[in-house]
Amino acid sequence: NGTSFNVSDTIEIAINATDNGVISSVLANLTLANGTSQLLILSNSAGNKYNSSVILPSGLQGQYNLTFLVNDTNNNLNNSVTTYFIVGDTIKPSVFNLQPTNASTFNISQVIEVSANVTDNGVVGTVLASVLLPNGTTNALTLLQVGITDKFNSSFTVPTLQGTYNISFAANDTNNNLNGTEKTYFLVIDTINPQVLILNPS
């Protein structure tokens with residue numbers, strides 16, 4: 001009772017069952033956290049053990065209840081054995097495909113894309129990017145989802161400041177699991193030629 005699992009886990013449902021005659025069926029009635037039920041057929045795997053596997057649904061946390069139903073060939077039913085387990089979410093979002101890629105080079109005043117792909121076993125909440133400028137100041141960006149894809153992005157206008165820019169990404173899900181480990185950097189240079197305007201002689 002009270003064992004904990006993560007959403008999307010595949011778990012074993014198992015029981016030992018014996019009878020002085022012949023067991024005809026072993027079932028498990030699984031009541032999910034939202035009140036819906038699934039009837040599982042448990043197969044005789046070895047000796048007196050009957051088991052099956054179930055994939056816990058994503059985004060459905062809480063207490064799951066199990067009632068076992070064991071029948072013999074004389075139609076004697078034992079449905080008195082129950083248990084429960086708890087399903088939570090402690091899995092952090094995955095953050096990948098960071099843009100710009102490490103050591104990318106841009107010009108001052110250029111508008112660039114800052115983006116990352118973010119996936120989660122539940123629902124992605126907020127995706128942020130913190131841009132650390134060469135002078136030590138930071139710019140915070142909120143990355144928005146692109147359509148129904150896994151991509152989250154924002155634009156960033158590079159200031160007239162040359163050097164290395166470091167970006168730290170932070171993504172959480174609606175259960176407040178945070179991934180703040182992903183980083184990238186880019187370089188800013190000035191390759192723009194000066195503009196010359198002839199004043200005299202005109």
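**First stop: F156**

Select F156 and display its surroundings: leaving aside neighbours within four places in sequence, F156 is in contact with Q110, V111, I112, V114, V131, N139, L141, Y165 and F186, where contact means heavy atoms within 4.5 Å. This is a predicted model, in which local features need pLDDT of at least 70 and side-chain atom pairs count only at pLDDT 80 or more, while totals for chains, interfaces and linings use all residues. Residues are numbered from 1 along each chain as its sequence is written, and side-chain values use heavy atoms, with hydrogens and water left out.

F156 is found in strand β15; strands (E, at least two residues) and helices (H or I, at least four) are DSSP runs, numbered from the N terminus. With a relative accessible area of 3%, F156 is buried, a word that here means under 20% relative accessible area, with exposed meaning over 50% and partly exposed in between (1.4 Å probe, protein chains only). If you draw a C-alpha to C-alpha distance from F156 to V131, the two are 9.2 Å apart in space and 25 residues apart in sequence.

**Second stop: the aromatic rings**

Now show the rings, of which the structure holds 6 aromatic pairs; rings of Phe, Tyr and Trp (its six-membered ring) pair if their centres lie within 6.5 Å, and planes under 30 degrees apart count as stacked, over 60 as edge-to-face and the rest as tilted. F156 and Y165 form an edge-to-face pair, 6.4 Å centre to centre with 65° between the planes, and both F156 and Y165 are buried. F156 also pairs edge-to-face with F186, at 6.5 Å centre to centre and 65° between the planes. Because F156 lies in strand β15 (residues 151-157) and F186 in strand β18 (residues 183-189), this pair ties together parts that are 30 residues apart in sequence. F186 is buried, with a relative accessible area of 0%. Select F106 together with F156, Y165 and F186, and you have one aromatic cluster.

Return to strand β18 and select T184, which is buried, with a relative accessible area of 5%. A polar atom of the T184 side chain lies 2.8 Å from the backbone oxygen of P100. Not counting residues up to four places away in sequence, T184 touches L98, P100, T101, N102, Y165, N166, I167 and F169.

Finally, move to N172 in strand β16 (residues 163-173), which at 17% relative accessibility counts as buried. The side chains of N172 and N176 are joined by a polar contact of 3.5 Å, that is, a pair of N or O atoms within 3.5 Å, of which, within protein, one must be able to donate a hydrogen and the other to accept it, residues adjacent in sequence counting only if both atoms are side-chain atoms.
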